[in-house]
Amino acid sequence: MLDQLKEGLRNAIKKLIYSDIVDEQAIKEFVHDIQRTLLQSDVNVKIVLEITSKIEKEALKSEIPAGLSKRDYIINLLYNELVKILGTENKVELPKNTCSTLLLVGIQGSGKTTFAAKLGKYFLRESYQVGIVCADTFRPGAYEQLKTLCARGKIDLFGKPEEKSAIMIAIEGKKHFERDKNIVIIDTAGRHKEEKELIKEMKEIDSKINPQMVLLVIDGTIGQQSFAQARAFHEATPIGGIVITKLDGAAKGGGAIAAAASTQSKILFISTGEGLDDIEAFVPERFVSRLLGLGDIKAILERVKQAEIEPDEPRARRIMSGKMTIDDLYEQLIQLKKFGSIRKILELLPGMPEIDRTIDTNELENKLEKWRFIIQSMTKEERQDPDILNASRIRRIARGSGVDEKEVKELIKQYNNMKIVMKKTKGKFLRGFIR
Ligand SMILES: Nc1nc2c(ncn2[C@@H]2O[C@H](COP(=O)(O)OP(=O)(O)OP(=O)(O)O)[C@@H](O)[C@H]2O)c(=O)[nH]1
Ligand SMILES: [Mg+2]
């Protein structure tokens, strides 16, 4: 779905996460990337500038809420702004004790007939009794097309291929299904591109059939042009909803949704393929989460970074069995360094904002840095067998690395503790990390 838009947004996020520091330049670059991606997806320029300038302004403000990293904060801003332009969720809830009629309208080839079957199957899954009426007397083979689709979806169909009047079929079809069904979907002939004409004819059928809901089917590949259709439709019918089809691979799909949403129309469903199951109720939050890949993006990045660290099998085994030397410890500190800053590692871990508050990562980072200096001041012999570290050796190491003797002793204590823990847990908690 919307592959280009998805890739563009995700690349911008990735770049932000990988940047060394989130300064003004990084923020501007991020905003610029987002702009380019949205424009490419045919989102209206005004909307794009509105949301990106908001993100930039907010991101440049120095106070970030406690417990949030700047990166998370900015990604969250983007998420919120995207959700906002897509409007609110509009649930379709139809009663099961009466029969509701849904009328599908839209210009030629927008995907009405295919959508009629998708929607039929959707409601069958929701335990409704569904019937579809073919009221398209215009398109040659319209009945056959719907018959094939309905057979595939096991949906009951009513049609009269010989009848010339669409209104007659619609009225008859409604009557035919009224008793045993609780949803009747009426597929109509495609109107040509003129919006005025479409609206006029829609109103006519609407008044004669008196449906519970009229759904305008819009082809997502037209991008922000969907605005005109959606607005005219919204003004014409108060009981209407919008369906946007062909969002699979449609380069302009993002623009189509944003434009339709900006008319205050209710977008009820989106469709992402020709298959009967390629339909979903439109929920802005879920839609944006999927676009941005929040939820798994952090885990993916973490895995990528871990994969970049070459595992050293004998060393890993030594550490996990509690037989590590100080050399091994030193090597782990170097590997940690490859990850970037400790803060960055913590940010990559899911659920980090909570833990973040309780850890002073600067202090931790300083400590690890000191440990590296301390170990560098040890002789090879001492690193292999730390038990030989007596008071005079400790004094020498402290002087050599510019730290307090206390800190050398602390490192030795920590090292011994680690060994004990490793032996006890068989290295369980470090296993994944080292690998
Ligand atoms: N890729 C893709 N193709 C779709 C989608 N929906 C419909 N199509 C295709 O678009 C073409 C037109 O679909 P129809 O359902 O016949 O459109 P229609 O609005 O009923 O057309 P008319 O009745 O002639 O106005 C068909 O080839 C469908 O297979 C979709 O979500 N994705
Ligand atoms: Mg059709």
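Q: Before we get to the helices, what are the angles between axes based on?
A: Axes are lines fitted to C-alpha atoms, and the angles between N-to-C directions run from 0 to 180 degrees. Keep in mind that this is a predicted model.

Q: Good. So how do α1 and α2 sit, and at what angle do their axes cross?
A: Helix α1 covers residues 3-18 and helix α2 covers residues 24-40; their axes come within 9 Å and cross at roughly 175°. Angles over 145 degrees count as roughly antiparallel, so α1 is roughly antiparallel to α2.

Q: Which residues meet there?
A: From α1 you have Leu5, Gly8, Leu9, Ala12, Ile13, Lys15 and Leu16, and they meet Glu29, Phe30, Asp33, Ile34, Thr37 and Leu38 of α2. By type, the residues of this contact split into eight nonpolar, two polar and three charged.

Q: Zooming out, how many helices and strands does the chain have?
A: The protein chain has 21 helices and eight strands. It has 435 residues, and 49% of them count as buried.

Q: What share of the contacts joins residues at least 24 apart?
A: Taking contacts in the chain between residues at least 6 apart in sequence, 73% join residues at least 24 apart.

Q: Now the strands: in what order do they line up in the sheet?
A: The order is β3-β2-β4-β1-β5-β6-β7-β8, in an open sheet of eight strands with mixed pairing. At the edges stand β3 (156-158) and β8 (279-281); each has a single partner strand, so one side of each has no neighbour in the sheet. From one strand to the next, the twist averages 25°.

Q: Which strands does helix α6 touch?
A: Helix α6 (residues 142-153) packs on the sheet and touches β2 (130-135), β3 and β4 (183-188). Its direction makes about 165° with that of β2.

Q: I'm curious about β7. Is that strand mostly covered or exposed?
A: Mostly covered: β7 spans residues 267-271, and five of its five residues are buried. Strand β6 (residues 240-245) runs parallel to β7, and three bridges join the two. Isoleucine 267 in β7 is the bridge partner of isoleucine 242.

Q: And serine 271, what is it in contact with?
A: Serine 271 lies in β7 and counts as buried because its relative accessibility is 0%. Apart from neighbours within four places in sequence, serine 271 contacts Lys118, Ile244, Thr245, Lys246, Leu247, Asp248, Asp278 and Ile279.

Q: Switching topic: is glutamate 381 buried or exposed?
A: Glutamate 381 counts as exposed, because its relative accessibility is 52% and the cut-off for exposed is over 50%. This residue lies in helix α18 (residues 380-384). With neighbours within four places in sequence left aside, glutamate 381 is in contact with Ile388 and Arg393.

Q: Buried or exposed, for each?
A: Aspartate 42 counts as buried at 16% relative accessibility, while asparagine 210 is exposed, with a relative accessible area of 53%.

Definitions and conventions:
Residues are numbered from 1 along each chain as its sequence is written. Chains are lettered from A and ligands numbered from 1 in the order in which they are written. This is a predicted model: local features need pLDDT of at least 70, side-chain atom pairs count only at pLDDT 80 or more; totals for chains, interfaces and linings use all residues. Side-chain values use heavy atoms; hydrogens and water are left out. Helices (H or I, at least four residues) and strands (E, at least two) are DSSP runs, numbered from the N terminus. Angles under 35 degrees count as roughly parallel, over 145 as roughly antiparallel, 65 to 115 as roughly perpendicular and the rest as oblique. Contact means heavy atoms within 4.5 Å. Ala, Val, Leu, Ile, Met, Phe, Trp, Tyr, Cys and Pro count as nonpolar, Asp, Glu, Lys and Arg as charged, and the others, Gly among them, as polar. Buried means under 20% relative accessible area, exposed over 50%, partly exposed in between (1.4 Å probe, protein chains only). Two strands pair if DSSP finds at least two bridges between them.
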